[in-house]
There are 2 protein chains.
Amino acid sequence: MVSGQKQKLTIKQVAEAAGVARSSVSRAFTRPEMLSPETVRRVRDAAEKLGYVPNQTARALSTGRHGNVALIVPDIANPFFPPLIRAAQMEADRSDFCVFLGNSDEDPKQEDKLVGRFTGQVEGLILASSRLSDERIRAHAAQRPLVLINRDVEGIPRVLINSGSGVREAVAHLAGLGHQHIVYVAGPVTSWSNKQRRLAVRKSAERLGLKVDIVATMVPSYDAGREAVAAIITTGATAAIAFDDLTAQGILAGLADRKIRVPRQFSVVGCDDVLGAATYPSLTTVSNRSLEAGKAALSLLLELLQSQSLRDIRYVLDTHLVVRNTTIGHKE
Amino acid sequence: MVSGQKQKLTIKQVAEAAGVARSSVSRAFTRPEMLSPETVRRVRDAAEKLGYVPNQTARALSTGRHGNVALIVPDIANPFFPPLIRAAQMEADRSDFCVFLGNSDEDPKQEDKLVGRFTGQVEGLILASSRLSDERIRAHAAQRPLVLINRDVEGIPRVLINSGSGVREAVAHLAGLGHQHIVYVAGPVTSWSNKQRRLAVRKSAERLGLKVDIVATMVPSYDAGREAVAAIITTGATAAIAFDDLTAQGILAGLADRKIRVPRQFSVVGCDDVLGAATYPSLTTVSNRSLEAGKAALSLLLELLQSQSLRDIRYVLDTHLVVRNTTIGHKE
DNA sequence: CTAAAGCCTGCAACCGGTTGCATGTCAACG
DNA sequence: CGTTGACATGCAACCGGTTGCAGGCTTTAG
């Protein structure tokens, strides 16, 4: 374990030190069962003594296996993603994979660019909440194994967090509390989750005889939620279900600005449960499974890389409502 | 721009299509000024038509330049880091660099392992809030260009967020409000920022004649803060400065559990301003410069890669106190 | 008109591993 | 005792680019 030397040492020096051919050194590391135990030991000793580490790049060039995967998310700063990223990392780590992280900034162009940059150096990629068109996703999937999170494209392996189940519970919860007119504060139009949540609100409200209005926002964020409050109020609704917790938090702030008390005068439900009980009042929200999603997506990808089986996999994680303190009964 | 074809196309096919040698194709992309404009055009056209993209791995092998950097953080889920990561990403993106992300999980061993895994495939690395020993950091820096964030090791380029300035303001603020006995709720012992903050509290408290107690925690988190409350109370202090906002938020919760009103009965100051005004009451805290730190570290690294100048760079970002609603005057 | 100086382009070696195939050794078998 | 086969190792080609050097052609100067 000598250190400090700058000159790179290659398989060749190790071969000379151990008195064998370069190929034997290679095999000592990659397929030791092909060599006599004695040779393996000699090579390993020599390598250790010199501090040799195989060059990943060279290996990747000849084998095509780089041991890298890429993970692209729309916005790292959105608290929904860090746990997902972290879980994916840990899973990758268990198989000695390195992960490239990309931030698309909610922009399909940027996402496309990133995929292109990564494609050459990874064995597979994961797109979380992709903002790309189905067509582009299919095109990329044709190049490399690809796993989607929260995006439902047929034929492409995907893990989906079914926020529908939780959202339905939320609507039922509000209906049970006596609300008759609610508003859904929507997220990005390109978001699959948004579509799913909007639909779930619509459907179950209809079934329960509630009136629903939709308020649009561009990007899910605190500020967007705050700005949406004006529109929310003019609808005359008594409760809002927000696309995500960040937006809900902004709504809470916007309502407070207007001296509207939550939950006394207005109820708010978030989605993704990323803030824990950190808001005030603590937020009623739909649970999230982002951690499991990240882990599942990564292991699914690794599995795919091993067995080229291309079954149409669709892994669904259900959610449920977490009732806290931003929802309360409403009487006319 | 043909697509769908699976077989990889190499510089050779392009060369044949354009009727030139492989080396000319290579040069058409990397050093067009060496070729006649006519040839460059022909090659580029052919490449375009076939949909050729240079193989990064092969390029990296022969040039040693991979166009990758690695960024290692102790905990992605800690809200201090995502903005930093994001800023670093964007900066890397501007130079067409890809970034590997590593999560050390606050564990020096894991961090060491990650550095090892990355070293072979990157041109340089950034260690944010490294938990490694100075010695290990120096060893790694000898292999590859390395930039530190929030870690002050002489001779190694580093960008430091000087939370000292903000913490001193915080102590002065509390003193000004009449507090005479405060407690510092410490973070990880291996954390440079923690050392810096603890020192700043100690020094300025001494200067202002305040009594200071220290309460230790292991990992900066909500739970750690909550659990620290018992110890905080037994000290008899009337205000706490927490290592970071997460810890502060936990303290807020722990105090609420015990029906201790903030700020009426007890004042709390956080650090890093990662929660915005999202806590209740909104948290008085020390501003953070994590975004700038990420950006600065990345551009510093890229600069280093270009000009092998190894000057001893130490880039410091000052912070200040953001007064919100968890601090208030205290009379005996 | 010839020689020197440029400009383009191609050849071939190289980056550092991996791997199919050939070779050599030795034990088991008929 | 000669064959056969298993096993261990080496040779050399290959992965897909990059780059120093040499050669051919054109331009400029003498």
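In the predicted model, DNA strand C is surrounded by 28 residues, a residue being counted as near a strand if one of its heavy atoms lies within 4 Å of it. The closest of these residues are Ile11(A), Ser26(A), Arg59(A), Ser24(B) and Thr39(B). Of the atoms of DNA strand C that come within 4 Å of the protein, 59% belong to sugar and phosphate. Residues are numbered from 1 along each chain as its sequence is written, and chains are lettered from A and ligands numbered from 1 in the order in which they are written. Because the model is predicted, local features need pLDDT of at least 70 and side-chain atom pairs count only at pLDDT 80 or more, whereas totals for chains, interfaces and linings use all residues; side-chain values use heavy atoms, with hydrogens and water left out.

Polar contacts were taken as pairs of N or O atoms within 3.5 Å; within protein, one atom must be able to donate a hydrogen and the other to accept it, and residues adjacent in sequence count only if both atoms are side-chain atoms. A base nitrogen of DNA strand C is 3.3 Å from an N or O atom in the side chain of Ser23(B). Two or more residues of the surface near DNA strand C are given by each of α2 and α4 of chain A and α2 and α4 of chain B. Helices (H or I, at least four residues) and strands (E, at least two) are DSSP runs, numbered from the N terminus. By class, this surface has 9 nonpolar, 12 polar and 7 charged residues, where Ala, Val, Leu, Ile, Met, Phe, Trp, Tyr, Cys and Pro count as nonpolar, Asp, Glu, Lys and Arg as charged, and the others, Gly among them, as polar.

Around DNA strand D there are 27 residues, of which Ser24(A), Thr39(A), Ile11(B), Ser26(B) and Arg59(B) come nearest. Sugar and phosphate make up 59% of the atoms of DNA strand D within 4 Å of the protein. An N or O atom in the side chain of Thr39(A) is 2.4 Å from a phosphate oxygen of DNA strand D, and for the side chain of Arg31(B) the corresponding distance to a phosphate oxygen is 3.2 Å. Tyr52(B) places a polar side-chain atom 2.9 Å from a sugar or linking oxygen of DNA strand D. The surface near DNA strand D comprises 9 nonpolar, 12 polar and 6 charged residues. At the start of α4(B), a side-chain oxygen of Asn55(B) reaches to within 2.7 Å of the backbone nitrogen of Thr57(B), and just after α4(B), Gly64(B) takes a positive phi of about 85 degrees.

Chain A is divided into domain 1 (11-54), domain 2 (68-161 + 290-318) and domain 3 (163-288), with bounds from an automatic or database domain assignment. The C-alpha centres of domain 1 and domain 2 of chain A lie 37 Å apart.

In chain A, 4 strands form an open sheet with parallel pairing in the order β7-β6-β8-β9, two strands being paired if DSSP finds at least two bridges between them. β7 (211-215) and β9 (267-269) of chain A stand at the edges with a single partner strand each, so one side of each is left without a neighbour in the sheet. The twist averages 20 degrees from one strand to the next; axes are lines fitted to C-alpha atoms, for helices over the stretch in contact, and angles run from 0 to 180 degrees between N-to-C directions. Strand β6 (residues 181-185) of chain A pairs with β7(A) in the parallel sense over 5 bridges, and Val185(A) stands opposite Val215(A) in β7(A). Helix α11 (residues 245-257) of chain A packs on the sheet and touches β6, β8 (239-242) and β9 of chain A, contact meaning heavy atoms within 4.5 Å. The direction of α11(A) makes about 160 degrees with that of β9(A). In the loop between α11 and β9 of chain A lies Pro263(A), which is joined to Val262(A) by a cis peptide bond with omega of about 5 degrees.
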